[in-house]
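The structure is shown first.

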Amino acid sequence: MNTLCINLLNIAVFRLKTKRRNFFAFIILVAERKRNTADSFQNEERNCTYKKKERAIVVYFDLIDTQIEKSENMPMLSTQQKTTKMDSVTKVETIPINGHKESPVKSALINIRSVLYAVIFGLLFGFFINKGTVFVAPTIRKQMLFQRFAMLKMFLAAAGVSMLSVALLVLCCGALYAKILASYIEHNSRRDILHYMLGGTLIGIGMVICGSCPGTVFVQIGSGIINSLFTALGGLLGTYFYYILIHERVSREKLPPTSLVLRRLNEVLHVHSVIVHVVFGLGLLGIAVGLEFVIPWKSDLNPRLLAQGTLNPDDAIGYIFGMAAWPPSACGAGVGLLQLFFMFFLEKSLGMSSAFTVVAAQICRIKPIGRALPSLNSFAYGVKNYVAFLVALGAIGGSALSSSLSQTIPLGAENGTNIFSSILGGFLLLLGARCAGGCTSGQGISGMTHLLLGSFLTTACIFGGGIAFGFSIYLGRSEWYFSDL
C-alpha cells in the first residue's frame, strides 16, 4: 500500500513540477488503484499489470499535454521564438509551432527573393528622387523659404498615392496589412510626444544645414555630389551618438495602445480606415497636381540643369529617360506606389534612415562592443536588416542611372554644401531620425500612411523646424549663401 501511494505521489509531483494539470487522467489512476488495492499485493502477475498500466497512463499524460499545448498556441502567433547562442552572440531564429523548421532550400530562396526585391525597389526609389530633383541642396533649402515647391509637390504626391495603395492593400490583403501595421506600432511603442517633437525638429534643422534628408543622401552619392559622403559620415556619427549616449536614457516602457501618439486618425474620427485613406490620399494627390498648374515644375529648376542634353534626343522614350528632371508630382506618385510593393513583397513599410543604423551596427560584430550596445547589436544580423542596406545601395545605383541617362553626372558643387555643413547636418539628421523613429520617408510618408497621430506630429515638426531655422538664417543675412552655411 505504501508503495502504491508513493508511486501515485511521484506522478503527481512530477506533473506539478512540469506545470501539467491533467487531473482527469490522474483521477482515473487513483480510482483504479483504490478498487484493486485489496488484491494488488497478493498476485505478482496483477502487480506487474499495474506497473504496465502506470506506464501507459504516464504516456497518456504526455499525449494530453501535447494536445493542450497545441490548443493553447493556436490563437497565438503562428511562430514562436527560439533563442540560441552562437559564438556568444544572441540570435533569434523563428521556427513553426509544430517544431519543424523551413527547409534550407526554401529559406535560401526566400532570402534571395527578398534581396532582389530590395535592390529593384531601391533602384526605382533612387531614380524617382533623382528625376524629381528634390535631392539637391538648393531645392530643399529654398523649399523651407517657400521659394521652390518641388519638394512639397513630391512629398504630397508620395503620401497621397501611398495612402491609396494601402487602401487597396487593406481591401485585398487585410491580414497582411494588419501584420505590417502591428510591427510599425511596435517599433514606435517606446516613444512619446517629446521624442517625436525633438526628433522631427532636429531632422528639419539638419535638412537645412546639409541640404538633404536621410533618404536623399544616397541619391546625392549616386549623382556624384562628393560632399554627400561627408553627410553620410555625419549620419553614422549621429547614429553612434544616439545609441551610445542617448538611447538607454530616453527609452521607456511600452506605451499603452490608447496612448495619443499610437492612436490612428480613423480611430479618433470613428471612421473606417479605408475611407480615411481614400479621402486623404485623393486630397493630398490633388493638392500636388494643383500646385503643378499654379507653379509650373520647370520654373523650380536650374536652367542649366533643365537644358542638359540627352542620349537620344530624337527618340521619344530615350528623351523621356534622358530628361534631367520630371514633374515632381509624377515622381512622388512613383515613390508612393513603391509603398505598395514594399508592403506586399517585403512585408515592411518604406523607410531609408534604418540603413544608417544597419551600417553602424556592423561594429557590433566585435563581441565586446555587441554586448555593450545590445540595442544597436540587434541591427547587425538578419536578412531583414540587410534588406534596408540593400535598398540604400539600390537608391545609389538608381540615382547614378538617372544622372547617366541625362548626362548630369557628376553634379556641380553648387548642388551640395561644404564639408562642415555636410557633417553637422548629417549628424543632426540621423540623431533626429533615431529619436523620432524615422525620417521624412519612414515617419513622414509611411507613418502618415498608417494614420498614426505621432507620425503627423513628427512631420509637422520636421517642416516646422526647417522653416523656422531657414528663415532665421535667411533673415540674418542679405543673401543666403548656400556654400557658406
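Glu292 has a relative accessibility of 12% and counts as buried, because the limit for that class is under 20%. The model is a predicted one. Glu292 forms a salt bridge with Lys153, and the closest N and O atoms of the two are 3.2 Å apart. Glu292 belongs to helix H13 (residues 273–294) and Lys153 to helix H7, so this pair ties together parts that are 139 residues apart in sequence. Lys153 is also buried, at 0% relative accessibility. The pair is part of a network of salt bridges that links Lys153, Glu292 and Asp300.

**Salt bridges**

The count of salt bridges in the model is 4. In one of them, the side chains of Lys179 and Glu347 meet at 2.9 Å, N to O. Lys179 lies in helix H8 (residues 174–187), while Glu347 lies in the loop between helix H16 (328–346) and helix H17 (354–361), so parts 168 residues apart in sequence are tied together. In another, Lys254 and Glu186 meet at 2.8 Å, N to O. Here Lys254 sits in the loop between helix H11 (228–250) and helix H12 (265–269) and Glu186 in helix H8, so the pair joins parts that are 68 residues apart in sequence.

The relative accessible areas of the residues in these two bridges are as follows.

| Residue | Relative accessible area | Class |
|---|---|---|
| Lys179 | 49% | partly exposed |
| Glu347 | 37% | partly exposed |
| Lys254 | 42% | partly exposed |
| Glu186 | 41% | partly exposed |

**Cavities**

How many cavities of 30 Å³ or more does the model hold? The count is 3. The largest cavity has a volume of about 240 Å³. Its lining is made up of 17 residues, and Ile129, Val134, Cys213, Thr440 and Ile445 are the ones that lie nearest the centre. Two or more lining residues come from each of H5, helix H7 (150–172), helix H10 (214–223) and helix H22 (440–449). Helix H7 gives the most to the lining of the largest cavity, with 4 residues. By residue type, the lining of the largest cavity divides into 13 nonpolar and 4 polar residues, with no charged ones.

A nonpolar patch on the surface is formed by Val105, Leu109, Ile112, Leu116, Ile120 and Leu124, which together have about 560 Å² of accessible area. One of these residues, Leu109, lies in helix H5 (residues 104–132). Leu109 has a relative accessible area of 54% and is classed as exposed, because the limit for that class is over 50%.

The C-alpha atoms of Leu124 and Ser399 are separated by 8.7 Å, although the two residues are 275 residues apart along the chain. Ser399 is found in helix H20 (residues 383–405). Is Ser399 buried or exposed? Ser399 has 0% relative accessibility and so counts as buried.

Note on methods:
Residues numbered from 1 in each chain as written. Predicted model: local features only at pLDDT ≥ 70, side-chain atom pairs only at ≥ 80, totals over all residues. Heavy atoms only, no water. Patch = residues over 30% accessible without salt bridge, like charges linked within 9 Å, V, L, I, M, F, W, Y side chains within 5 Å. Areas by Shrake-Rupley, 256 points an atom, 1.4 Å probe, with all protein chains shown as cover. Buried < 20%, exposed > 50% of the residue type's maximum accessible area, 1.4 Å probe, protein only. 1 Å grid on protein atoms, 1.4 Å probe; cavity = no way out; pocket = protein on both sides within 12 Å on 5 of 7 lines; lining within 4 Å. Points joined across faces, edges and corners; volume = space filled by probe spheres on them. Nonpolar A, V, L, I, M, F, W, Y, C, P; charged D, E, K, R; others polar.
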